[in-house]
Amino acid sequence: MNPLTFSPPPLSRLQKALFLQKKWFAPEFFGLENVDRAKPALYVGNHTLYGTLDGPLMVLGLYQHNGVFLRSLGDHIHFQIPFWRNLLWDNGCVAGTPDNCQQLMQAKEHILVYPGGGREVMKNDGEQYQLIWKERTGFARMAMQHGYDIVPFAAIGADDAFDIHYDANDFQQSAVGQLLQQSGISDKYLRGGDAFAPITTGLGLLPRPEKFYFAFGERISTQEVSHEADDKSSQWQVREQVAASIYGLMEDLFAIREKDQATWPTWRKKLTKR
């Protein structure tokens, strides 16, 4: 798909599609003053468990409050799945390749990227609210090359909507998991276990109605280091600055949620109690 042959859907269509999800999770936004429709940016944040609960609501929130429609860069594995890839394309998501990113930046689009990709979505128990970026600095390099601002953001709530009972670590230690590793099947189809979806429960198969909180941090300019775009150490410095901002935003949101929980409606308190 050509990333430039896309027009955002009507706001009303997204509102209808996400009506129940919005009621269930009651998203709240902070730092929206850092989102400027006239100043395109690369939005970089933490990916949550399964990756499908809060992302669409964040896209809707920025579209509704700021008139900004985020163009998402998705993990390549999404675009290997029939029908699902069409749904993503219809909502402006494209494969997260350097070429696609470059085209979107040249077109001055607002771009969403999760550097943790599929691995951060397929969390193991104990990895909630952790950035799992491995050695990736591609998002920093692309921003630096194009002098793009980076807007760090944090999202909390979705990682608490399910309990993880069986994850990739458990699978790899099992007899079947070890057999698949030895045969090479695990590396070929499961990325060595990184693409293993954890087995979870919430309210049965439904996610608990945790309230979602989103925070957007101050812009990080890359203009002054654009001439260092190909320097790995400079890329790493930008990456670490972004990661530190995201973790700081998470801490702010945890504090907000702790105070806010007393005001949650009774039904939400009961259904999220563990």
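Where is Lys-211 placed in the protein chain? In this predicted model, Lys-211 lies in the loop between β8 (199-201) and β9 (213-216).

## Overall build

The protein chain contains twelve helices and nine strands. Its radius of gyration is 19 Å, close to the 19 Å that the globule rule gives for 274 residues, so the chain is as compact as a globular protein of that length. Along the principal axes, the C-alpha atoms fill a box of roughly 50 × 50 × 35 Å.

Contacts between residues at least 6 apart in sequence were also sorted by separation: 84% of them join residues at least 24 apart.

## Burial, surface and charge

Of the 274 residues in the protein chain, 49% are buried. The chain exposes about 13,500 Å², and carbon and sulfur atoms supply 54% of that area.

The protein chain carries 28 positive and 31 negative charges, and the mean positions of these two groups are 8 Å apart.

Is Lys-211 buried or exposed? Its relative accessible area is 13%, and the limit for a buried residue is under 20%, so Lys-211 counts as buried.

Leaving aside neighbours within four places in sequence, Lys-211 is in contact with Phe-25, Ala-26 and Glu-28, with Ile-156 and Gly-157, and with Asp-260, Trp-264 and Arg-268. With one of these residues, Glu-28, the contact includes a polar one: the side chains of Lys-211 and Glu-28 make a polar contact at 2.8 Å.

How values were computed:
Residues numbered from 1 in each chain as written. Predicted model: local features only at pLDDT ≥ 70, side-chain atom pairs only at ≥ 80, totals over all residues. Heavy atoms only, no water. Helix = DSSP H or I, 4+ residues; strand = E, 2+ residues; numbered from the N terminus. Rg over C-alpha atoms; globule rule 2.2 N^0.38 Å. Buried < 20%, exposed > 50% of the residue type's maximum accessible area, 1.4 Å probe, protein only. Contact = heavy atoms within 4.5 Å. Areas by Shrake-Rupley, 256 points an atom, 1.4 Å probe, with all protein chains shown as cover. Lys, Arg positive; Asp, Glu negative; His and termini not counted. Charge placed at Lys NZ, Arg CZ, Asp CG, Glu CD. Polar contact = N/O pair within 3.5 Å; in protein donor to acceptor, adjacent residues only side chain to side chain.
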